[in-house]
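Open the model in your viewer and keep the selection panel at hand. The stops below run from the overall view down to a pair of side chains.

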Amino acid sequence: MASAARPISLPLAWTPYVLTGLLLVLTRLPALGIADLLKGFKIDLPDFGTGIGISSTPLYLPGTIFVVVALLTALLHRMRAGDVAAAWRQSGRTIVRASLALMFTVPMVQVILLSANGAAGYAAMPLELARGAESLAGRYWPVGAPWMGGLGAAVAGSNTVSNMMFALFQYDVGVRIGADPLWIVALQAVGGAAGNMICVHNVVAASAVVGMVGREGAVIRKTLIPFTYYVLAAGLLGLAIAG
């Protein structure tokens, strides 16, 4: 039987969000030196003969901040042990489901980024794609950059994965057409954020929550309208700024 909810004040309810923002800012300001201290703890994983090593600074990751704030929140809100355990179990199940997808997605992205020097003699996939985009769209590519980001997010199910796959591609296109490449990468991220609204994974999850299972197609057809407006407006603005 679920325990009765204990009312808390509005400032106390906002405390976790304030703590998260505050800790993220404090740990990222170079002048304070906290970032260098956290980065000092580093984990290096073997490359297993591939030449592609992996290193991590777990104390500097934003996820670590979230875990710390979650522990502090349990104390500040005086949560019952059973409620805390239930929350952690639910979060653990969510992480496991997401990790299963990332186990295949991240290696796929690495293959794309490190695909140079193959037998055919081509450059890495993102660079070859950039060459094609330059010849296809030229200086008008900023209009198409958000669409590419949105397509990546819709297929991969994540703006993060879309950016991992296409950021190098977008940057190189910007260099080739003489536009500010940072603006082109920014347009990629904007499009990736918009792509979440037509992502099958997200639509299925949202439909299940509101009792619309089986109507995902209708939902996507409706969300295509704001998606199109969003990326088109971003692309035209990007063309005016970076084109």
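**Whole-protein view**

Start with the surface display. The accessible surface of this predicted model comes to about 15300 Å², and carbon and sulfur atoms account for 71% of that area. Colour by burial next: 26% of the 243 residues count as buried.

Switch to cartoon. There are 10 helices and 2 strands. Their order along the sequence is α-α-β-β-α-α-α-α-α-α-α-α. Now display contacts between residues at least 6 apart in sequence; 64% of them join residues at least 24 apart.

**Helix H6**

Select residues 141-156, which form helix H6.

Show the buried residues of H6. Trp141, Pro142 and Ala145 are among them.

Step on to Gly157, which follows H6. The phi of Gly157 is positive, near 85 degrees.

Which two side chains meet in a salt bridge? Select Asp172 and Arg176, with 2.8 Å from N to O. A search of the whole structure finds 1 salt bridge.

Asp172 has 16% relative accessibility, so Asp172 counts as buried. Arg176, at 31%, counts as partly exposed.

Definitions and conventions:
Residues numbered from 1 in each chain as written. Predicted model: local features only at pLDDT ≥ 70, side-chain atom pairs only at ≥ 80, totals over all residues. Heavy atoms only, no water. Salt bridge = Lys/Arg side-chain N within 4 Å of Asp/Glu carboxyl O. Buried < 20%, exposed > 50% of the residue type's maximum accessible area, 1.4 Å probe, protein only. Helix = DSSP H or I, 4+ residues; strand = E, 2+ residues; numbered from the N terminus. Expected span 1.5 Å × (residues − 1). Contact = heavy atoms within 4.5 Å. Areas by Shrake-Rupley, 256 points an atom, 1.4 Å probe, with all protein chains shown as cover.
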